[in-house]
Amino acid sequence: MNEKTITVLGAGYVGLTTAALLAHAGYKIYVIEPNQKRLDVIKTGRSFFYEEGLDVIIKTAIDAGNLVPTDSYEDSVPQSSVVFSCVGTPDNPDGSSNLSYVFGAAEQAAALMQPGCVYVQKSTVPVRTGERIEAMFKEKGIDVAYVSNPEFLREGTALYDTLFFDRVVVGGNDKKAVERVLNLYRDLEAERETIARLAEVESHPRKGKYISTSLNSAELIKVSANAFLALKISFANSIAKLADKVDADVVEVMDAVGADERIGRAFLNAGRGYGGGCFPKDVSGLISSGLENGVDLEVMQAAQAVNQSMPGYVVEKLQDSLDSLIGKKVAVLGLAFKSGTSDVRKSPGVAIANVLSKQGAIVSAYDPQANEEAEADLLRAVRLTGSWRDAADGSDAVIFATEWNEFRELNPTEIADALTGTAVVDAVNILDKQATNEAGLRYIGVGRS
Ligand code: UGA
């Protein structure tokens with residue numbers, strides 16, 4: 001076992017980012033990816049998903065011999081003083097997290113970790129999962145510390161968030177192990193300006209907090225943080241629905257509401273609701289944890305219900321404006337769950353395209369990064385195009401469903417030229433309402449009066 005050698009289990013957004021960054025902070029990192037196709041891509045010095053700045057960090061670390069992509073636990077775990085678990089936690093049909101990868105990875109690592117090793121859980125798991133893994137390690141009689149180190153990075157700004165963090169949280173019963181993991185981030189912080197320059201990501205002089213907690217608190221911090229952000233979005237969307245009825249503008253409302261420092265403006269952007277691999281799952285995971293412990297988290301059930309209503313609400317707004325959707329040509333622009341990523345998990349743009357298609361519209365769709373990823377989730381009748389213009393040409397209406405800069409920068413007259421109709425639904429509130437109307441189009445926002 002080598003103090004400076006670390007294994008990262010799982011090469012998704014969290015695993016690959018963590019591995020590549022720590023490889024630039026003085027550590028030798030093995031990153032395990034069992035999927036052969038993905039592993040082959042990583043070995044060439046690229047990630048298999050789109051994330052700003054990440055490829056150059058991977059490539060330079062591999063070339064320097066500090067990042068070793070592999071599918072072998074045997075070649076990596078026994079040499080490592082720290083093992084990060086960053087495996088996936090897909091949804092169960094009932095909305096709870098499927099932990100089979102989490103437990104499978106821990107079992108596999110348990111057979112190979114050397115005494116004194118620290119096992120770090122980065123995958124988002126329901127509170128009390130760590131206790132179960134710790135008990136499993138004890139049962140096997142291995143001398144390994146278990147800590148929870150929740151991840152707060154956002155897709156699309158993964159490098160920036162990890163380098164210029166608000167807080168690093170590490171929770172566990174073994175305080176020495178907690179301190180060792182906090183120190184890894186201190187080493188990363190020492191290198192962050194150099195890494196940011198190499199990756200060409202924005203730099204920020206932020207002094208993040210290092211927070212050490214109990215094991216269960218760390219697990220609960222992670223899901224509570226995501227749940228609260230989801231709650232803010234659903235709150236903004238509820239107010240947007242009211243704004244639509246009372247002829248108010250939700251952007252004006254949230255700008256002023258968010259100016260109160262106690263509230264804050266972030267995550268009060270109304271629109272087609274939240275998607276992605278985290279918020280929908282963490283909200284349902286928290287609801288399930290509550291129910292298992294006899295606590296009814298009604299506030300989160302409400303947030304979830306509001307969110308689930310939003311794609312349908314957007315389609316309804318278009319229907320109201322066109323009278324009927326049957327046979328109408330509609331272009332959906334934006335399929336990624338947000339800009340800056342090719343991820344389409346629980347994407348509202350995909351949901352909107354499918355609802356439109358089911359209701360009889362002829363749907364074409366385009367995303368600057370996520371067409372390929374979206375294909376499997378879209379109904380067969382939805383036609384994917386290679387440009388926004390191809391999707392919009394000859395359409396009765398267009399719906400903007402992801403806030404890509406490419407769409408933000410469109411001149412309303414270009415949109416008017418492409419469409420045969422006039423309806424423009426801005427489901428991410430990125431267009432200039434007045435300029436859109438002045439181009440002879442009909443601006444339809446979410447909560448924009
Ligand atoms: C989220 C959290 O922001 C991260 O802190 C956390 O680490 C991550 O989940 C995770 O658990 O791994 P992410 O899912 O990448 O990050 O994306 P966000 O930027 O938070 O956006 C989530 C969704 O909310 C997107 O669909 C976005 O369009 C939507 N959103 C966001 C809104 O609808 N309104 C807003 O005001 C903000």
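Mentor: First the term: a salt bridge here is a side-chain nitrogen of Lys or Arg within 4 Å of a carboxyl oxygen of Asp or Glu. Keep in mind that this is a predicted model.

Trainee: How many salt bridges does the structure hold?

Mentor: There are 17 salt bridges. Asp-244 and Lys-317 form one of them, with 2.9 Å from N to O. Asp-244 is in helix 9 and Lys-317 in helix 12, so that pair links parts of the chain 73 residues apart.

Trainee: Is Lys-317 buried or exposed?

Mentor: Lys-317 is buried, at a relative accessible area of 18%; the cut-off for buried is under 20%.

Trainee: What does Glu-155 meet in a salt bridge?

Mentor: Its partner is Arg-345, at 3.1 Å, N to O. The two are 190 residues apart: Glu-155 sits in the loop between strand 6 and helix 7, Arg-345 in the loop between strand 9 and helix 13. Glu-155 is buried at 8% relative accessible area, while Arg-345 is partly exposed at 39%.

Trainee: Which residues are joined with them into one network?

Mentor: Asp-343 belongs to it: salt bridges with shared partners join Glu-155, Asp-343 and Arg-345.

Trainee: Switching to helix 6. Which residues are buried there?

Mentor: Helix 6 covers residues 129-139, and its buried residues are Thr-129, Gly-130, Ile-133, Glu-134, Met-136 and Phe-137. They lie on the same side of the helix because they cover an arc of only 155° around the axis.

Trainee: And what covers the buried residues?

Mentor: The cover includes helix 5, strand 5, strand 6 and helix 9. On the face turned away from the buried side, helix 6 carries the exposed residues Arg-132, Lys-138 and Glu-139.

Trainee: What happens just after helix 6?

Mentor: Gly-141 takes a positive phi of about 70° there. Also, Lys-140, in the loop between helix 6 and strand 6, pairs with Glu-107 of helix 5, so parts 33 residues apart in sequence are tied together. That salt bridge is 3.2 Å, N to O.

Trainee: Rings next. How many aromatic pairs does the structure hold?

Mentor: It holds 11 aromatic pairs. Tyr-13 and Phe-49 make a tilted one, 4.1 Å centre to centre with 35° between the planes. Tyr-13 is in helix 1 and Phe-49 in the loop between helix 2 and helix 3.

Trainee: Are those two buried or exposed?

Mentor: Tyr-13 counts as buried at 12% relative accessibility, and Phe-49 is buried at 9%. Together with Phe-48 they form one aromatic cluster.

Note on methods:
Residues are numbered from 1 along each chain as its sequence is written. This is a predicted model: local features need pLDDT of at least 70, side-chain atom pairs count only at pLDDT 80 or more; totals for chains, interfaces and linings use all residues. Side-chain values use heavy atoms; hydrogens and water are left out. Buried means under 20% relative accessible area, exposed over 50%, partly exposed in between (1.4 Å probe, protein chains only). Helices (H or I, at least four residues) and strands (E, at least two) are DSSP runs, numbered from the N terminus. The arc is that of the directions from the helix axis to the C-beta atoms. Contact means heavy atoms within 4.5 Å. Rings of Phe, Tyr and Trp (its six-membered ring) pair if their centres lie within 6.5 Å; planes under 30 degrees apart count as stacked, over 60 as edge-to-face and the rest as tilted.
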